[in-house]
Amino acid sequence: FTGNRPACAGDPADDTGTYTGLTGVVQQINPGEDPGPWHLHGYTEADLGQAPGFATVAPLLFSLLDGRTVICHDTTVTWGFIIQEYRRAQRAANRSAPQGGNRGRRRNTRRPRKIAVPVPERIVDTMTTARRQSVPVIDPRLRSIAAHYRDAEGLELAADTLPDLGAVASEARTDTGADELLLADARILLPLHLVQEDLADAGRGIIQSALPADLTADRFGLQRSTIRVDATTTPRPFANPGVPGDDGRLTEGMEFVVSPDVATDPDEIISAGLRAGLVYSEKLNRTSSLV
C-alpha cells in the first residue's frame, strides 16, 4: 500500500500462517505542522496536506508491529519517534474528550479514547549490529552499511531494493519518489539482518536487539536502554580526579564515555563502570577522563 489514503493491512495470512499478500506499507502522515526539510525526506507540505494524521494511522501501525520482531536501522530514533507520536496522539485524544461542566453529574463525561501502543516481541537494530560486528564504515546510514555487507559479506539485494542507489545525494535519488525510496529501504532490512545473523552464528560479533520494556526515553525523547538513561542521572559522590596517570589505573569518580563503535554491548561496559565507582557521560567533553 502506498499513498496518502488510510491503508488497511488486513490479514493476508493463509491457513499455514504465511503472509503472502503484504510486502510493504508506505503510509504518508500529515504532521499538522511544517514537515521539515523536504530536500532530505522528499515530502513537501502540499504532499502531506491531504494525508491522515497519526491518530488515524495508529491502529494500522499497531497491527503491523504488536507482538512481532521489528527490524529497524537505529532503534534509538525510530522507536523513539513511534513512541513519541503515540503519546502525542493520546494527549490530543485526552484534550478533545468532552468534559462535564457539573462535577456532581457524570452523565455528560466520557473517557478519552484509548490509543493502543504496540509492544513488539523484540526490536533488532541493523545499524548497531553493524557496529558490534566491527563494520569499517564511517557513514552509518542504511545504504552505506548495506553496501559494505554486499561487497564484503555476499549480501544479495533484490531489484526492488534499488541496489544501485547509494546513500549520498545524486540525480538518481532526486528522480526517485519518496514513497518508492522508503519502500526500497524497508526491503533492505530483512536480507541485511539475515546476513548479520549468519555472521553472529559464525562468532563474528553479536546481534544488537532490545525488549521494549528495557527501553526508556531520554531527555530528548530518544529511546535508549534503561541502564544507559539511568546512568546519566546517577549521583556523583566522588570528585573527578581527571585522566588516568602513567600507570593507567582507574580511580573512583573518573568520567567515562563509550564510543558507539565497540564490539561489546555498551550496556555491559556502562554497568561495569558504575560498579567500579566511575561516572558515565553521554558526550565527550573537557571533563571526560577516558573513552
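These legends describe close-up views of a predicted model. Residues are numbered from 1 along each chain as its sequence is written. In this predicted model, local features need pLDDT of at least 70 and side-chain atom pairs count only at pLDDT 80 or more, while totals for chains, interfaces and linings use all residues; side-chain values use heavy atoms, without hydrogens and water.

**View 1. A mixed, open sheet of three strands.**
The strand order is β1-β2-β3. Helices (H or I, at least four residues) and strands (E, at least two) are DSSP runs, numbered from the N terminus. Two strands pair if DSSP finds at least two bridges between them. β1 (69–72) and β3 (209–210) are the edge strands, each pairing on one side only. β1 and β2 (residues 122–125) run parallel and are joined by four bridges. T69 stands opposite R122 in β2. Strands of a sheet pair through backbone hydrogen bonds, either parallel or antiparallel.

**View 2. Helix α4 on the sheet.**
Helix α4 (residues 75–96) lies across β1 and β2. It runs at about 140° to β2. Axes here are lines fitted to C-alpha atoms, for helices over the stretch in contact, and angles run from 0 to 180 degrees between N-to-C directions. D74 is in the loop between β1 and α4. Its phi is positive, near 90°, and D74 is not a glycine. D74 counts as buried at 18% relative accessibility. Buried means under 20% relative accessible area, exposed over 50%, and partly exposed in between (1.4 Å probe, protein chains only).

**View 3. The largest nonpolar core.**
A nonpolar core is a set of buried Ala, Val, Leu, Ile, Met, Phe, Trp, Tyr and Cys residues joined through side-chain atoms within 4.5 Å. The largest one has 15 residues. W79, Y86 and I115 have the most contacts inside it. The elements giving two or more residues to this core are α3 (54–65), β1 and α4. α4 gives the largest share, six residues. Contact means heavy atoms within 4.5 Å. Leaving aside neighbours within four places in sequence, the contacts of Y86 include F54, A58, L61, F62 and I115. Another core, of 13 residues, lies apart from the largest one, with A130, L142, I145 and L155 among its members.

**View 4. The two sides of helix α10.**
In α10 (residues 266–275), the buried residues are P266, D267, I270 and G273. Seen down the helix axis, they fall within an arc of 130°, so they line one face of α10. The arc is that of the directions from the helix axis to the C-beta atoms. On the other side, E268 and R275 are exposed. The cover over the buried residues includes α5 (126–132), β5 (223–225) and α9 (226–231). D265 caps the N-terminal end, with a side-chain oxygen 3.0 Å from the backbone nitrogen of D267. G277 follows α10 and has a positive phi, near 90°.

**View 5. S288 in the segment after β7.**
S288 is buried, with a relative accessible area of 13%. A polar atom of its side chain lies 3.0 Å from the backbone nitrogen of N285. Leaving aside neighbours within four places in sequence, S288 is in contact with V243, E255, V257 and K283.

**View 6. S134 in the loop between α5 and α6 (142–153).**
S134 is not a glycine, yet its phi is positive, about 55°. S134 is exposed, with a relative accessible area of 52%.

Definitions and conventions
Polar contact = N/O pair within 3.5 Å; in protein donor to acceptor, adjacent residues only side chain to side chain.
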